[in-house]
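Please read them with the structure open beside you.

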Amino acid sequence: MAFNRPRVFMLDVIRALSIFLVCMGHSVEQTFHFAQNDVFSVQGDYKGMVVLMLFSLARISVPFFLFLTGYFFLPRTYDEEGTKGFWVHNFLRLLLCTELWIILYNVFDYFFWPKLDVTVLSVLRQMIFLENVPTMDHYWYLPMILGIYLFLPIVANGLKHIDAKLLLFPVIFILVAFTVTPGLGSTDITILDAGYTGGVFGTYVLLGYMVHEKVFREIRAWILGVVAVISFLGIHVTEYFMHLLGSEDIVWYSWLPLIVTALCCFELLCRHCGEAVIPSGVHKPVNFVARYSFAMYLTHFPMTLACVRVMYWYTTSAFLTFVVATFVPFFLSMLLCWLLDRIPKVGRYLLYMR
């Protein structure tokens, strides 16, 4: 694929940072297993708080990816040919990519988890989206983004007829309905039907569009920074007390403080977006990671599982395992994606390279 096309440096930074945070977050989960164990009794108060802080920080990655989806795709106008083209080149190709990876993940599970009952029926149920791939914690993102892609051109065309600031009303309404009770540690879920909004995740995409349209540009940078810090501390404090009370819940994307933190950071970063230029200097390696970010998302998690298992054979240090299981899958998945992309058609269909 060509690497000499004009790119916006800061948007590449956001992509590269996001995939690193994804690797870090899954490393934290697989190393410390704090959804099943009291991380404070195992690691102690100080180390336990560091673990939760790292995990909360890593959670910003998925909002960033969804913001970018709205930032890139919703400002466009889709005529009949453009809509058909999006469904063919984006939706259907991602659908094919997802089906291929469902098969590959199950092949991995068959050998990596010998006690797991991998059957043809279970694989078929996963391929028609009746089941998740049980061991792949990152897989949920694929059917979610497929659902958003299905109506994205229609939403984009509808947005052309209204001021982007008007989106504040439905976005705030949905966020309050879907995020307040989870953010307070409650298991109660709203019975409101999100319908075409895509729920919380569709709202993330709309927020990315609103950033592109400069809806929040009048808010002073220092205010956004303060709100981001307070919101991030809110995530951490809430989870800290939830764990002390014996809850096994972990930070999910329906936590309002997480959305606020991610949105403030994304807005601040996007304010430094310049003109698209051909990558040079430090932009080249950042651009390289950014271009392979989604392919790395597809490939990194089995490497994380393998890395954690191998490290447990050789060390009792959970933090050393965490560091290795963060950086090794990050660089190995990047290398693997680059190698696979050299094979004709593999990058396009298996890795969803554009």
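1. A contact here means heavy atoms within 4.5 Å. On that basis, among contacts in the protein chain between residues at least 6 apart in sequence, 82% join residues at least 24 apart.

2. On the basis of the work: this is a predicted model, in which local features need pLDDT of at least 70 and side-chain atom pairs count only at pLDDT 80 or more, while totals for chains, interfaces and linings use all residues. Residues are numbered from 1 along each chain as its sequence is written, and side-chain values use heavy atoms, with hydrogens and water left out.

3. The protein chain has 15 helices and 0 strands, where helices (H or I, at least four residues) and strands (E, at least two) are DSSP runs numbered from the N terminus. Of its 354 residues, 49% count as buried, a term that means under 20% relative accessible area, with exposed being over 50% and partly exposed in between (1.4 Å probe, protein chains only). The chain exposes about 17200 Å², of which carbon and sulfur atoms supply 69%; these areas come from the Shrake-Rupley method with a 1.4 Å probe, and for residues only the protein chains shown count as cover.

4. Helix H11 covers residues 256-270, and its 15 residues should span 21 Å at 1.5 Å a residue, which agrees with the 21 Å between its end C-alpha atoms; the expected span is 1.5 Å times one less than the number of residues. The buried residues of H11 include Leu258, Ile259, Ala262, Leu263, Phe266 and Glu267. As background, an α-helix has 3.6 residues a turn, so residues three or four places apart point the same way.

5. How many salt bridges does a search of the whole structure find? There are 6, each being a side-chain nitrogen of Lys or Arg within 4 Å of a carboxyl oxygen of Asp or Glu. Glu267 is buried because its relative accessibility is 1%, and its side chain meets that of Arg271 in a salt bridge (2.7 Å, N to O), whereas Arg271, at 23%, counts as partly exposed. Arg217, Glu267 and Arg271 are linked in a network of salt bridges.

6. Asp12 forms a salt bridge with Arg7, the closest N and O atoms being 2.7 Å apart, and both residues are buried. Asp341 and Arg342 also meet through their side chains in a salt bridge, at 3.4 Å from N to O; here Asp341 is buried, at 12% relative accessible area, while Arg342 is partly exposed, at 39%.
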